[in-house]
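Biologist: I would like to go through this model feature by feature. Please give the general idea each time, then the case at hand.

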Amino acid sequence: MIGGKNSVCVNCGHRVRELYKKYSNTLKTTNCEKCHQVTDKYIEFEEFIILIDALLLDSSAFRHIIYNGDFKLYWKVSLVVLLLESFAICRQKLSDPANDALNVHEKGFYTYTLHHIVFGRSIHYALVMSHHICSLVLAYEAVGFIKSRLRWLAITLVVLAFVLKEYIRHYAAFQLELY
């Protein structure tokens, strides 16, 4: 069931009684009492479109997923994210195959060129981490109903948590190398 006692407007975060009204076989979306916009445009969208909007850092998509959604694929998305992060870590630990002749034939010229530019790899990593941190900030704002003037608090908390996670990950890797 979409909506319920914890439903919120995806635009402003205001609590609402209902997201839609049902007339025979038709659903009509309701408007928020505070911002006067459609309470949740995502009740008419496919889950894949909602995930794409969340990847594009749309805060209303985050609010829909957290509060109003009937999303049942969390474990699948979590598994995919875990596998992708593991793949990224493995790629970072691979040795440089610049002298491997088979590797040249397996990759296209442009992919091979971009793969060996260290600067390009570090830019890619920085962009991915920036997107990840921005999505965490937006999710924290969606959950906490934080006003834009307190956005710095969300950014600070997310960055501190990220730095702590990286420190623990590097410390654990160092301890594993010792043994």
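Biologist: Is H36 buried or exposed?

Modeller: This is a predicted model, so the values are computed from its atoms. Over 50% relative accessible area is called exposed. H36 has 61% relative accessibility, so H36 counts as exposed. H36 sits in the loop between strand 2 and helix 1 (47–55).

Biologist: What is the phi of H36?

Modeller: Most residues other than glycine have a negative phi. H36 is not a glycine, yet its phi is positive, about 60°.

Biologist: Where does L57 lie, and what is its phi?

Modeller: L57 is in the loop between helix 1 and helix 2 (59–68). L57 has a positive phi of about 65° although it is not a glycine. Partly exposed covers the range between the buried and exposed cut-offs, 20% and 50%. L57 has 24% relative accessibility and therefore counts as partly exposed.

Biologist: In which sense do strand 1 and strand 2 pair?

Modeller: Strand 1 (residues 20–23) pairs with strand 2 (residues 26–29) in the antiparallel sense, over four bridges.

Biologist: Which residues form the nonpolar patch on the surface?

Modeller: The patch consists of F45, F48, I49, I52 and L56, with about 490 Å² of accessible area together. F45 is found in the loop between strand 2 and helix 1. With a relative accessible area of 35%, F45 is partly exposed. Patch members need over 30%, so a partly exposed residue such as F45 can belong.

Biologist: How many residues does helix 7 have, and what is its reach?

Modeller: Helix 7 (residues 151–178) has 28 residues. From first C-alpha to last, helix 7 reaches 41 Å, close to the 40 Å expected at 1.5 Å a residue.

Biologist: Which residues of helix 7 are buried?

Modeller: The buried residues of helix 7 are A154, V158, F162 and E166. Buried means under 20% relative accessible area. V158, at 9% relative accessibility, therefore counts as buried.

Biologist: What is V158 in contact with, leaving aside neighbours within four places in sequence?

Modeller: With those neighbours left aside, V158 is in contact with I133, L136 and V137. As for Y140, V158 is 18 residues from it in sequence and 8.2 Å from it in space, C-alpha to C-alpha.

Terms used. Residues numbered from 1 in each chain as written. Predicted model: local features only at pLDDT ≥ 70, side-chain atom pairs only at ≥ 80, totals over all residues. Heavy atoms only, no water. Pairing = 2+ DSSP bridges. Helix = DSSP H or I, 4+ residues; strand = E, 2+ residues; numbered from the N terminus. Expected span 1.5 Å × (residues − 1). Buried < 20%, exposed > 50% of the residue type's maximum accessible area, 1.4 Å probe, protein only. Contact = heavy atoms within 4.5 Å. Patch = residues over 30% accessible without salt bridge, like charges linked within 9 Å, V, L, I, M, F, W, Y side chains within 5 Å. Areas by Shrake-Rupley, 256 points an atom, 1.4 Å probe, with all protein chains shown as cover. Salt bridge = Lys/Arg side-chain N within 4 Å of Asp/Glu carboxyl O.
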